Amino acid sequence: MKSIVSLIIFFVVSLVIFSCENNDLDNLIPSINSESQVSYIDELGEVIINPQFEDATGFSEGLALVKSSFGQKKWGYIGIDGVFKINPNYKQATIYSEDVAWVVSDNAAPTAINKEGEIIFSLKNASSVRVYKDGIAAFSQVIDGKSKWGVVDRQGSIVSK
């Protein structure tokens, strides 16, 4: 009897721990309302972050890429509390992957930033960049009128062209 009670207690504690781990708000879903503003809802359809964005992605590594509905309507990053962690200053941006996102400011080259918004490095001649996967990111640049692709590592070293 004592072992059955211990087993039940173990099962209940495990279930509580499992549900807490899987109930993180990183699973919020962008949702568009009738005024074409994006909010974030949970899996039950409850609004967790009020509608206030022109466009948005799901959360990746604790941050979501959102386009501001106000001012110049640029891209920035919010936390699960809906507050900007990195202000909307970018005309283009990617989600975070491997703790790095790519952003492009007006008249600037693609720049890799960390989760605090600090610049890691820029790719001066790149015209586009993809997110990191297994420590490398593909980028393109125009050389002699032709688009050429290369690969850059997380330190900014070009691995191949």
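A salt bridge is a side-chain nitrogen of Lys or Arg within 4 Å of a carboxyl oxygen of Asp or Glu. The views come from a predicted model in which local features need pLDDT of at least 70 and side-chain atom pairs count only at pLDDT 80 or more, while totals for chains, interfaces and linings use all residues. Residues are numbered from 1 along each chain as its sequence is written, and side-chain values use heavy atoms, with hydrogens and water left out.

**View A. A network of salt bridges links Glu54, Lys67 and Lys73.** Within this group, Lys73 pairs with Glu54, and their closest N and O atoms are 3.2 Å apart. The pair links distant parts of the chain, since Lys73 sits in the loop between strand 4 (63-68) and strand 5 (75-78) and Glu54 in strand 3 (residues 47-60), 19 residues apart; strands (E, at least two residues) are DSSP runs, numbered from the N terminus. Lys73 is partly exposed at a relative accessible area of 38%, as is Glu54 at 32%, where partly exposed lies between buried (under 20%) and exposed (over 50%), computed with a 1.4 Å probe on protein chains only.

**View B. Lys115 forms a salt bridge with Asp99.** The closest N and O atoms of this pair are 3.2 Å apart. Lys115 lies in the loop between strand 9 and strand 10 and Asp99 in the loop between strand 7 (92-93) and strand 8 (101-104), so the pair ties together parts 16 residues apart in sequence. Asp99 is partly exposed, with a relative accessible area of 41%.

**View C. Glu61 and Lys115 meet through their side chains in a salt bridge.** The N to O distance is 3.5 Å. Glu61 is in the loop between strand 3 and strand 4, 54 residues apart from Lys115. Both are partly exposed, Glu61 at 30% and Lys115 at 27%.

Conventions: Helices (H or I, at least four residues) and strands (E, at least two) are DSSP runs, numbered from the N terminus.
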